[in-house]
Amino acid sequence: MSDPQKDIEGKELPSDVMEIQLGPSHPATHGIVKLDTKLSGETVLDMDVSIGFLHRGFEKMCEHRDWNQNMVFTDRLNYCSAPANNAAYASAVEKICGVELPDRGQWVRLIVTEISRVCDHLVCVAASVMELGGFSVYLYFIQAREELWFILDKICGSRLTTSMSRIGGQAYDLYDGFEDDIVAAFAKVRQAMEDGSKMITRNRIFYDRMRDVGKISEEDAIDLGFTGPVLRSTGCDYDVRKANPYWKYPEVDFEVPTGDRGDNYDRYLIRMEEIEQSMHIIDQAIEKLPEGNVFIDDFKIFLSPKSETYNSIEGLIHHFKIIMNGPAVPKGEAYFAIESPNGEHGYYVVSDGGSLPYRVRARPTCLPMTMALPELCKGGMIADIVPTFGSINMIGGELER
Amino acid sequence: MLDKIVKKLETATKGAVLEQIPVDQDDRLIIDKNMIHQVCRTLKQDKEMDFKLLAELTCVDYIEEETRFEVVYQLYSLSNKYRLRLKARVAEGDSIASVSDIWRVANPLEREVYDMFGVKFNNHPALTRILMWEGFEGHPLRKDFPLKRHQAIVPLRMEIEVKDDPPYNWTKYQKKRKLGLDK
């Protein structure tokens, strides 16, 4: 192989490092991330990641609004899995109050979180495959997600920004006919996944573009703060649902898939398997779902139902105080983390006993992965940035809040 | 578990732990800010405690107290499946040691604390703004920064008279100061 630096007569061609910017608006950097890359030919020598183009001041705004009004902000963090964010924020504040939901409430939270996990993984895989050119897979998976969004629409009225939880319970219970809808929807999801994976899983082009691309070792991944499917692809089996169980996860039986090579292909396989496991969890949860309320009995924290409000004086007073002042959250602080589709999504909430939160901090699940993109992409080619970026599932809302 | 940790920290770093607060699944330690680096290094490198994952590094602004900022570290030990929170108070204008050489994820998280609160970290590789643009003045998440301040990225062509923010945009603390209620 002749040295490409030398021209025909054997003289060396002058060459510099080329600095190219995969600018903020680029079809492959979904969300808005600026990558300043330094290239030698097609090899990435170095990369610098700039974020902050979607910073909306979530944490500042949360300090000026009621505990329940912040629920709509949490919808817009990881906008592909809004029910999970809602449930995590509500659970963190309930930890300060020291209350726990009744059984049915915890099961309903588990079910909607797992539905959102299926939706998020479908979108992540679909988008990253579309960027490699497999447009049909994107269409199949997005149609499958439509079936699940139709169900979420029937539960709470919205498909994307659900705002399903409140402090002290769920605002919306599951409806009659939920089980039949879920069975029909999952059949369609499984069919779409089968059709899609038949096209890509053993496809030579897909395999060559994803295998051994974006590799990272387990030690580096933990040091860089990875969690979620990206960490599990390196071999570490940290899943918050198994390590520090919450809600009703101890009572469901599921497996946590792990990879061994830490590359993009492992992450793709892990996400497909996690969709299957989530559907299995929801099937078990529907069987075990008890009767009861999805909210707590304490109406100083959760808005009382109208039967209480109109028929008793305490109900009326609690209703008034909650609407005017917000839930009675005592002074304290708490950190509560769930396993969101991207990884460990935790809320650090500080309350000073007043009507507004003192500090709400959402752990940006995809920030460690996005800021570690140089580690994943160095030494590879510029075309390898695209599948790597897709496989870390960077969601702009969560990265920059 | 918390007592074991405090005992080990007492032998390795004397006087670092100012207070320990055990709460179910939410243990906290208040650490002296000058010894935070030794404490974090001990917690990570000890084979039994093994806090390899830094989940969260953030800050809270307690404007009405003497030392204003409280930097919060959320550590997780994968082998023990145990969460620990460290808190260190930093006064305004003061700085605290950076832990980015212990956990590399602290690099962007500390940049965000500097950007939003103005807390400086010693020995940080590149302490620049991460979410706001370079040239932004002020630190947004401080309690005395108003909610709706307009700041132009590109310099304005004409001089605009800068009026005081209207009262409904003042935070609770600004109201107290402007109305003279904090004296």
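Modeller: Two residues are in contact when their C-beta atoms, placed from the backbone, lie within 7 Å. Also, this is a predicted model, so local features need pLDDT of at least 70 and side-chain atom pairs count only at pLDDT 80 or more, while totals for chains, interfaces and linings use all residues. Residues are numbered from 1 along each chain as its sequence is written, and chains are lettered from A and ligands numbered from 1 in the order in which they are written.

Colleague: Okay, which element gives the most residues to the side of chain A that touches chain B?

Modeller: In all, 28 residues of chain A are in contact with 23 residues of chain B. Helices (H or I, at least four residues) and strands (E, at least two) are DSSP runs numbered from the N terminus. The elements of chain A that give two or more residues here are α1 (58-62), α8 (218-223), β6 (331-340), β7 (343-352), β8 (359-362) and α14 (367-371). With 4 residues, the one that gives the most is β7(A).

Colleague: How many residues of β7(A) are buried?

Modeller: Buried needs 20 or more other C-beta atoms within 10 Å of the residue's own, exposed means 12 or fewer, and partly exposed is in between. By that count β7(A) is mostly covered, and of its 10 residues the buried ones number 9.

Colleague: What are the strands that pair with β7(A)?

Modeller: Strands pair if DSSP finds at least two bridges between them. One partner is β6(A), antiparallel over 10 bridges, with Glu339(A) opposite Glu344(A) and 2 residues between the strands of the hairpin. The pairing on 4 bridges is antiparallel too, and there Tyr347(A) has Ala362(A) as its bridge partner.

Colleague: Which residue takes a positive phi in the hairpin of β7(A) and β8(A)?

Modeller: There are 6 residues between those two strands. The one with a phi near 85 degrees is Gly353(A).

Colleague: Is Asn393(A) buried or exposed?

Modeller: Asn393(A) has a positive phi of about 50 degrees although it is not a glycine. You'll find Asn393(A) in the loop between α16 (385-391) and α17 (396-400) of chain A. With 29 other C-beta atoms within 10 Å, Asn393(A) is buried.

Colleague: And in chain B, how many C-beta neighbours does Asp50(B) have inside 10 Å?

Modeller: Asp50(B) has a positive phi too, near 55 degrees, and isn't a glycine. The loop between α2 and β3 (53-61) of chain B holds Asp50(B). Asp50(B) counts as partly exposed, as its C-beta neighbours inside 10 Å number 16.

Colleague: Why are the buried residues of α2(B) on the same side, and what arc do they cover?

Modeller: In α2 (residues 36-45) of chain B, the buried residues are Ile36(B), Val39(B), Cys40(B) and Leu43(B). The arc is that of the directions from the helix axis to the C-beta atoms. They sit on the same side of α2(B) because around the axis they cover an arc of only 95 degrees.

Colleague: Which elements do those buried residues pack against?

Modeller: We're still on Ile36(B), Val39(B), Cys40(B) and Leu43(B) of α2(B). Their packing partners in chain B are α1 (2-12), β2 (28-31), β4 (69-77), β5 (82-90) and β6 (95-97).
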